[in-house]
Amino acid sequence: MKTFAIRCVLAACATLLCACQRTAEAPLPHVEQLNRLSGPTRDLAIELREGTNMAASPSPDGKQVVFSMQGALWVMPIAGGNAQRITGWELEPTWPVWSPDGKTIAFQNYAADGNYHLWTITPDGRSASELTSGPWDDREPAWLPDGSALVFASDRGNDQQYKIWRLTLDGMALVQLTEGKGAESQPAVSPDGKRLAWTDSARIYTQALTPGAAPVAVAPGSAPAWTPNSKTLAYQNLAGQLTLGNREVTVNEDMFPFPVRFLPDGRFLYTADGKIRLRRGDASDPVDLGFEATMLVRRPGPARARERGFGNRSARPVLGISAPTLSPDGTRIAFVALNDVWVMALGQTPQRLTHDLDRDAGVQWTSDGGAVYFASERANGGRFAIDRIDLVTRARTRLAAVPGQSMGHPKMSPSGRYIAYTGEAGQLALWDLAGASSVQIAAGAGSEVSAPSWSADERHVMVVANERVNNRFREGYNKLRVSDIVTGEQRFYAVGPAPRQVSERDEGAAVLAPDGRQVAFIMDSVLYVMPLNADASPAGAPRQLTTEAADLPSFSGNGATILYKAADQLKLIAAAGGPARQARQVHQVHVNLAWTQAAPTGTLLIRAGALWDGVSPVLRRDVDILVTGNRIVWVRAHQDGAETAAARFIDASQLTVLPGLWDSSVLPADRFGPAAAAMLAYGVTSALSSGGPLHQGVELREALEAGDMVGPRLFAATALLGGNRVLELHARSLRTSAVADLEIAKARRMGVDFMAADARAPVALMNRIAQGALALGVQSGAGAAAPALIAGIGGAAPLPGGQRLGYDWSRSVLMGIGYQDAHTLYGNGELRLTDTLAATGALLAYDPALMLDPRMLLAPPDFAAAMRTARTPGAAVMAAIRRDAQQQARVIAAGALVSNGSAGPPGAPGISLHLNLRAAGMAMTRHQALQTVTINAARHARVGQDLGSVEAGKLADLVLVRGNPLQDLTAAANVEYVIKNGNVFTQAQIVAPFRMPPCADQAGACGPSDE
């Protein structure tokens, strides 16, 4: 297996490959394989011999095979051998099917507009043509036997369901064939052209090939295909094995989720176990078709990393201002920065209202402007309660708290009678201030919602919520959702024709004007307003106010002025304005606020009984480590009396010193206080956001670096930058390249550390994101490996449940196995893997001491409850964990850089990372496992020169544990001290701020003002 660095333009690649590679043919010159990434890049050739989740189809003459592998179509002889790539980097084809006349191949392509459409291409890679279009997903084409039409699965009926449709190629007429209420997919037409088969909810149906014909249930299963006599079906049963008629014909094969395809001679072809496999018509004599394929990719090369300012001791301007809100009289603003609540009269100095380590968020003004209220974790067990601060007396009182629940995004009704708030699962509730009680008005629908707003009559509450497009995949459009608090009725309102939508549901959401007559919202990353009726339904078309990227809008009391955030600046604009008058109607609000990193002065000597430096596979014994300020000066063999020359001394002679641990996949947001502290308490000194609220992420980063919050370093990310359809709270729709450019420019101004592509980001958008990250000197990442590799994204964090295909190219659906192609694209393709191992929570049962650990105070209550009922996992669960870890080990063996993360919160940050670490150790050496949470993670984040190992010149991020993690990985959680940026913390110091004080009375005061 070889990888070639190709320093050439595409036109010269064929010549070079012919000279250096004997196993594969030269690439087709008209197929543009390399993306358009510019700057420091590397062109690589990756040899593939197996495929993960391949779909294959034979030509009608039985002489060739087309198959999809790693986001491309390939054609080879039916006997196997050299496979030729016939699609370029901008296409993402799957589900290929050869036309009956052999002249074209139909496939589903994830197009640049962010939807699946039907395409065709000639077998030599020419004449790629789009057959369907629009804001719908058209998937899984199948030909009619005479080649006159295609049938396919689609959600184009706009009824939130998948149906089977027919596209007649002469005239391009579309007809809906099925009328069920389910998610109908995977259509197949009988060879006699009379009947249709499809799958719905793991059951196979057939019907006549006429619109509205009555369906007949056949059997449980999926991926149906008609046999040549049109009388029976071949399909995959519920165990994932191939069934011919009623007879199971495969045993323990890792079947890929596609139908079999029959050849003219009666044999059939299918994909499983990383192979393309042939069997006779009676399913006997299986034969694998070997192939060799060479994929050309352009990858980001060595580039100068962004300056992080680790050595900067001077004051720096605050960039992270979250939750800015304009006072009713329009003369003041309130906001959250450095983990605290501030108010500022326009043109004056900000005043700090809170000054503690508790998380504060979502500040709002009372209607008279005399006080602010906000969500706070203070004295509430790590959950949000609602506090109020009087701006004259500075007295702080508790307005509301619900035991065991968080009250996020509080918004008081116009009369002050109610507070609307959101729960952790997307539910919308009201707090009755007089009755001190709560009632839910909208249940969570599986995704979180935006901050609520009230109508003027106090009857309607508006949020931005996600409405699913169909019942097969979870993504949808962000729309205005209005709840009638009297009747309980919920109504969705679009802000434009699909796929236009509210940009996201957090910082790019919507807010009602106080009089309820208009709503301000973010669409295509710029600010709009739209008139409303009294019931908060749209009363007219939206009107654009800005051409620059905008977030976090809020109205003045009279609705005439809107405050918004334009990247790192706060601005005011007249609500009656527009782009043509923007220059003279926009005024910047200067916020003179700075922060300084919390770094000690003087020297610290650590006497380590043992040291694992993050690099060597063995411990060093009896070592002294000298730290000056926040940097390690030297690491030497122990010398008696060395501590006398240091200002501070830690006797760790009975402990093992490790590099500070990394969590390479965290989701920072409002409810991050206890999560951050838990990570630090378990030795995590650095956390990389994998995508979240941009402004709040930068705010948290600055708060943690300034010492205004307890937790690790945070490397902040963009929102999840995606396509037309979104799911996650912080997924942002980037509908066009112009919108993408606005977001990338904003990320640069905010100084992000990571650029994140969402699950439905098209390949061209991923390439734009990759280019932005390369120019900024930061890492980029995506959820799906193959589009990420092809587009030039730096890393992937594959989570099959979040893939737009319903599966991915990294691990098989049935058995969770990645084959040679998957491992090689990470290793030889220089794609970095950030992994979260599956089912690791089951390992809790092997460590009952965790329940008695003081750090459990920082764990979510539901996690603690789960621990109390944890049972020793069975053999099947342990086999699944081990199999998942083995895939990670194979990626490492292929030469890839692998890091582990918890993908939380939710969950239990800190503990979850250690469970991932222990699971990884089931399939690799403990040294390798530890590197996935130390030096590998630092290199992935492009800060390996400063973090990840214990070496002279590096930052003093260390964890001191009892035991030897190279012998027992559970010892990595036995934390006695944590050192972050040279600052020393004990477990007790980390946990102390989160202990419930005696003043935690629901309605009473929680102590005096902090000022």
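**A tour from hairpins to helices**

Start by selecting β45 and β46: they form a hairpin with five residues between them, and in the turn you'll find G516, which has a positive phi of about 70°. Keep in mind that this is a predicted model. β45 covers residues 510-512, and three bridges join this strand to β46 in an antiparallel arrangement. Click on L512 and look across to V519 in β46, which stands opposite.

Now stay on β46, residues 518-523. This strand is mostly covered, with six of its six residues buried. Turn the view to check both faces: Q518, A520 and I522 sit on one side, V519, F521 and M523 on the other, and all are buried.

Time for some helices. Select α5 (737-750) and α6 (763-776), whose axes come within 10 Å and cross at roughly 25°. That angle is under 35 degrees, so α5 is roughly parallel to α6. Their crossing is right-handed. To see the contact, show side chains for residues including A740, I744 and A747 in α5, and I769, G772 and A775 in α6. By class, this contact has seven nonpolar, two polar and three charged residues.

Last stop: α11, residues 911-920. Is this helix covered or open? Mostly covered, with 10 of its 10 residues buried. Among them are H914, N916 and R918.

Key. Residues numbered from 1 in each chain as written. Predicted model: local features only at pLDDT ≥ 70, side-chain atom pairs only at ≥ 80, totals over all residues. Heavy atoms only, no water. Axes fitted to C-alpha atoms, helices over the stretch in contact; angles between N-to-C directions. Helix = DSSP H or I, 4+ residues; strand = E, 2+ residues; numbered from the N terminus. Parallel < 35°, antiparallel > 145°, perpendicular 65-115°, else oblique. Left-handed = near helix turned anticlockwise from the far one by under 90°. Contact = heavy atoms within 4.5 Å. Nonpolar A, V, L, I, M, F, W, Y, C, P; charged D, E, K, R; others polar. Buried < 20%, exposed > 50% of the residue type's maximum accessible area, 1.4 Å probe, protein only. Pairing = 2+ DSSP bridges.
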